[in-house]
Amino acid sequence: MRLSRYFLPVLKENPSEAQIVSHRLMLRAGMIKQASAGIYSWLPLGFKVLRKLENIIHEEQARAGHIAIQMPIIQSADLWRESGRYDDYGQEMLRMKDRHDRDMLFTPTAEELVTDIFRGHVNSYKDLPLTLYQIQWKFRDEIRPRFGVMRGREFYMKDGYNFDLTKEDALHAYNRHLVTYLRTYERMGLQALPMRADSGPIGGDNTHEFLVLADTGESEVFYDSAVTELTFGDRQIDYDDRAQCQAILEEFTSKYARTDETHDEGLFNQIPEERRRVARGIEVGQIFYFGTKYSEAMGATVQGPDGKPTLVHMGSHGIGVSRLVGAIIEASHDDKGIIWPEGVTPFHCGIVNLKQGDEEADAACDKIYGALTALGLEPLYDDRNERAGGKFATMDLIGLPWRITVGPRGLKNGVVELTCRRTGESEELSPEAAVTKIAEIYERVD
């Protein structure tokens, strides 16, 4: 993409309404625009990041054998009355009537709807286990929407639902989801810690939240610093191997890490003092096992091995996709702007032409742009007739991980400058070597 043809409405000044870093930088970088309180339009740069996150989630869900579907945004209230949640959910649920005076609602979550799909089509234990998931817009009518996409009313979310014959099978699904989420967050350049949490209106006894540590987090968290030393890495996982998935769950949850709702001061004080940490965290996902809560209320059974109807055991698993964009920025920025991890960057690198209109500089930039594109990479070429300082400021603000700077002086010596956004370090390379290095970096990321 050439910046002269792109829609990137960056702001030079900090918006007065933005209270936290991610909200401020998303507005300044032209990623979002507020439509109304807690509701945003996603502009091209923000939309590209949203899609990158979504693709990673789809890939990791498919790796674990989970199946994507798409459910409607508007649900019938009848299903929620059947489960008993319609009157319990509270004012966060946006209720409405259609033209036939039927009670409807804007989806805040989809346990009822997916259970209705299951009970209508699955009849035998031989069709289990089954996990269905979607990535869809949701709505919760927050009383005080704030912090941009971090606490909006409309949000983009991955929600998955497992159906299993026994509790043991469902707990394996729980463990499997924990493993997929660890992989997913690390691919996004995040360390998201699984913490024992409260189940809230979803229900169930087994639940972990995944939290990214950040000063602006809405939750107070208590943890053993040893958990921050754990990494998932490039492990090869057999998702059907119960022992392997259980071992990973134990590895990542055996040390103390809890949100304020489930904090136990006595257990916390048993941690060596030098490892006790109290911080703030941003919730970016949660997994639940809730047994037969919905299947019993809604009659979701299968014929068991003995030929008798058997209630299925269920769980649900969510990732806040739009919220993740804000969480990544909160965890990865400096005073100049965003610093995208390579796995989720909207463009793989920026190309800055220091002297637009110079025949040699224009030709070199075009050649680099073409070479990167031919390799399947997406560069953003700043071909505007602007001062170099303004071009650098824009690149720093939007946070692309790598920048290739091309100017007449360097080209006389056969070199361009390759700069790492995270460290600020630069090196001079031939144009061909710079392209090769960028390609090698993203081969490792993929």
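Buried means under 20% relative accessible area, exposed over 50% and partly exposed in between, with a 1.4 Å probe and protein chains only. By that cut-off V21, S22, H23, L25, M26, L27 and R28 of helix α1 are buried. The model is predicted: local features need pLDDT of at least 70, side-chain atom pairs count only at pLDDT 80 or more, and totals for chains, interfaces and linings use all residues. Residues are numbered from 1 along each chain as its sequence is written, and side-chain values use heavy atoms, with hydrogens and water left out. Helices (H or I, at least four residues) and strands (E, at least two) are DSSP runs, numbered from the N terminus.

- Helix α1 spans residues 21-28 and is mostly covered, with 7 of its 8 residues buried.
- The cover over its buried residues includes β1 (32-36), β2 (39-42), α9 (321-331), β17 (333-334), β18 (337-338) and α11 (388-398); contact means heavy atoms within 4.5 Å.
- β1 and β2 pair in the antiparallel sense over 4 bridges; two strands pair if DSSP finds at least two bridges between them.
- Within this pair, Q34 stands opposite Y40 in β2.
- The hairpin of β1 and β2 has 2 residues between the strands, and G38 takes a positive phi near 75° there.

**The β4-β6-β5 sheet**

- An open sheet is formed by 3 strands in the order β4-β6-β5, with antiparallel pairing.
- β4 (74-76) and β5 (94-97) stand at the edges with a single partner strand each, so one side of each has no neighbour in the sheet.
- From one strand to the next, the twist averages 35°.
- β4 is joined to β6 (residues 103-106) by 3 bridges, and the two run antiparallel.
- I74 stands opposite F106 in β6.
- D101 lies in the loop between β5 and β6.
- Phi of D101 is near 65°, a positive value in a residue other than glycine.
- D101 is also exposed, with a relative accessible area of 54%.

**Packing of α2 on α5**

- Helix α2 (residues 44-63) and helix α5 (residues 167-187) pack at about 145°, with their axes 10 Å apart.
- Axes are lines fitted to C-alpha atoms, for helices over the stretch in contact, and angles run from 0 to 180 degrees between N-to-C directions.
- The crossing of α2 past α5 is right-handed; that label applies if the near helix is turned clockwise from the far one by less than a right angle, and left-handed if anticlockwise.
- From α2, the residues I56, I57, E59, E60, Q61 and R63 meet H177, T180, Y181, R183, T184 and R187 in α5.
- The residues of this contact divide into 3 nonpolar, 4 polar and 5 charged.
- Ala, Val, Leu, Ile, Met, Phe, Trp, Tyr, Cys and Pro count as nonpolar, Asp, Glu, Lys and Arg as charged, and the others, Gly among them, as polar.

**Around strand β7**

- A cis peptide bond joins L128 and P129, with omega about 0°.
- P129 lies in the loop between α4 (111-121) and β7.
- L130 is found in strand β7 (residues 130-139).
- L130 counts as buried at 16% relative accessibility.
- L130 touches I67, F118, V122, Y161, N162 and F163, leaving aside residues up to four places away in sequence.
- The C-alpha atoms of L130 and H66 are separated by 7.5 Å, although the two are 64 residues apart along the chain.
- F147 is found in the loop between β7 and β8 (154-164).
- Phi of F147 is positive, about 65°, although F147 is not a glycine.

**Cysteines**

- A search of the whole structure finds 0 disulfides; a disulfide is a pair of cysteine sulfur atoms within 2.5 Å.
- The sulfur of C365 is 11 Å from the closest cysteine sulfur, in C349, which is too far for a bond.
- C365 is buried, with a relative accessible area of 0%.
- C420 is in no disulfide, and its nearest cysteine sulfur, that of C349, is 12 Å away.
- C420 is buried too, with a relative accessible area of 13%.
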